[in-house]
Amino acid sequence: MIKLLRGEFIRLFKSKIFWLGTIFMFCSAAFTIYSRWMTMQKFPDYYSSPDGILLSGSEFIGIVIAVVMGIFIGTDYSHGTIRNKLVVGHSRVKMYFSNLIICIVASLLMYFAWLVAVAGGAVLGFTRNFEMSAGNIAAEILISVFASSAMSAVFLLISMLVTSRSTGVVTVMILSLVMFISALMISARLNESEYFDAYDYVITDSAGNTFEIHEDMQKNPYYLEGTKRKIYEILYDVLPNCQVRQLAIGDGLTDNMKFFPLYSVSIIIVATAAGVLLFRRKDLK
């Protein structure tokens, strides 16, 4: 296992796609900070706390992970490396777990590149001071780490079962986009107000006559209630992509967030168990 991991880490740090992903995350954060700084120059009263930027990186890391992992794992199949590992005596279980460790480490390194860029921007004065305490920042970053690891486990499950590199990359990319969009949709539905506020407005007809119209408070048809709302709330807390969405748009830690790492670990365990079982039965010829 140690030899297997050593070889995989060497291959990871020689991988161009990994370094491109890391550079992309760093540059994306730097560009976001620069854009906020430019806005502050034009509008001095514009408020620009780096808290939201710091945590928003975990929303985008899923897409980057999907691309990097799809290509990295797919290369093992396209080059016949997986079969060679079996020939020299490595078990499928060890191969799967070594890839899981590599992919989680790769995802966290890319995410940390985002954090370094945001922290650097704050230190250099491109953004204002952090509002959250150091303890809350550390806690939310830890939640993001677990969520990113859970997404890595899910993407690895697919990548290890699809022998075609191109098909694997496309599949995990589509899944990452579906996860990203679903988090936005679930968030939007749960944040719908229960009622539309009452309001008045004036209209003028063709003859120049004006009429004042009053609209009473009305029930919002898109507001979720009952069992459907409970299901959305469960998904919003359990799914890692929804967890990072809450961190990015939230105002700090909430009571339900203390369970987020537990949910992420559960997803890692389930995805890994399923991946190992299916990979052991997969025909690699």
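1. Arg11 lies over the face of Phe72, at 3.8 Å from the ring centre, where a charge counts as over a ring if NZ of Lys or CZ of Arg is within 6 Å of the ring centre and within 35 degrees of the ring normal. Arg92 likewise lies over the face of Phe279, at 5.7 Å from the ring centre.

2. This is a predicted model, in which local features need pLDDT of at least 70 and side-chain atom pairs count only at pLDDT 80 or more, while totals for chains, interfaces and linings use all residues. Residues are numbered from 1 along each chain as its sequence is written, and side-chain values use heavy atoms, with hydrogens and water left out.

3. The structure holds 9 aromatic pairs, and one of them joins Phe9 and Phe13, which are stacked at 6.2 Å centre to centre with 20° between the planes. Rings of Phe, Tyr and Trp (its six-membered ring) pair if their centres lie within 6.5 Å, and planes under 30 degrees apart count as stacked, over 60 as edge-to-face and the rest as tilted.

4. Phe9 and Phe13 are separated by about one helical turn because they are 4 residues apart in helix 1 (residues 2–13); helices here are DSSP runs of H or I with at least four residues, numbered from the N terminus. Phe9 is partly exposed, with a relative accessible area of 24%, and Phe13 is also partly exposed, at 41%; buried means under 20%, exposed over 50% and partly exposed in between, with a 1.4 Å probe and protein chains only. Together with Phe18 and Trp19, Phe9 and Phe13 form one aromatic cluster.

5. Is Asn241 buried or exposed? Asn241, which is placed in helix 9 (residues 240–249), counts as buried because its relative accessibility is 6%. Leaving aside residues up to four places away in sequence, Asn241 touches Met179, Phe180, Ser182 and Ala183, contact meaning heavy atoms within 4.5 Å. The side chains of Asn241 and Ser182 also make a polar contact at 3.3 Å, that is, a pair of N or O atoms within 3.5 Å, of which, within protein, one must be able to donate a hydrogen and the other to accept it, with residues adjacent in sequence counting only if both atoms are side-chain atoms.

Definitions and conventions. Helices (H or I, at least four residues) and strands (E, at least two) are DSSP runs, numbered from the N terminus.
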